[in-house]
Amino acid sequence: MNLTKVYMLPGEEKFKEYLESNNLKFTAERQAILDRVFANHKHFEADELLVELRLSHQNISRATIYRTLALLVKSGLLKEVISGERHAHYEHIFGHEHHDHLVCDNCGKIIEFVNYKIEDLQKGVCRKYNFKADSHRLQIHGLCEGCNVKNKRKTKKSKSGV
C-alpha cells in the first residue's frame, strides 16, 4: 500500500474545481504557471512570469500564460492590480486579507494599505443603494515619496534658473 500523501499548493484545489466546473483541463502548463504564481509574493506582470518560466526551462507560450492568468483571476485566486498605459500587474489573493493600492505613476512602485474607514464607507454606500458587492478595487495614483522629493528638487532648480 502506498501511503504517500499528495500535498497541494494553496488554491490549487480551488483552481481545479473552477476549471472542472467550466469543462477545462488542469494541464501541466497550468500547473507550472500556478506553481510560479504562488511562489511569487510580489506584484508581477505576465511578461515577468514568462521570463521566470523560461529561465526555469519551461517553454510555455505567452498566449497560454495570458489565458491562464485570466482564468486565475476569474477563479478568485489572482487579482489584477493595475492596468492601463502600464501593463497589468497581478498578485495572488487566496488566503490574504483584502487591501488597496497606492500606485506611483512615475516609477511604478505599488504600496499596499488597509484602511477600515474606507471599507466601512463602501459598505455604507452599498447598504444605501441595496447593492450586494462581490469585490472592489481601490487604486490611488500619484507620486510616491521618493518621486515626489525628486519632483520638488526639479521644480526648485527650474525656478532658480539652474
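Biologist: Where is H101 found?
Modeller: H101 sits in strand β4, residues 100–104; strands here are DSSP runs of E with at least two residues, numbered from the N terminus. This is a predicted model, where local features need pLDDT of at least 70, side-chain atom pairs count only at pLDDT 80 or more, and totals for chains, interfaces and linings use all residues. Residues are numbered from 1 along each chain as its sequence is written, and side-chain values use heavy atoms, leaving out hydrogens and water.

Biologist: Thanks! Does H101 count as buried or exposed?
Modeller: H101 counts as buried because its relative accessibility is 1%; buried means under 20% relative accessible area, exposed over 50%, and partly exposed in between, with a 1.4 Å probe and protein chains only.

Biologist: And what about β4 as a strand, why is it largely enclosed?
Modeller: Four of its five residues are buried, so β4 is largely enclosed by the rest of the structure.

Biologist: Which residues is H101 in contact with?
Modeller: Leaving aside neighbours within four places in sequence, the contacts of H101 include H43, K79, E91, F113 and I140. Contact means heavy atoms within 4.5 Å.

Biologist: Switching to pairing, in which sense do β4 and β5 pair?
Modeller: Antiparallel, over four bridges, with β5 covering residues 110–113. Strands pair if DSSP finds at least two bridges between them. F113 in β5 is the bridge partner of D100.

Biologist: How many bridges join β4 to β6?
Modeller: Four, and β4 and β6 (residues 139–142) run parallel. There, I140 in β6 is the bridge partner of L102.
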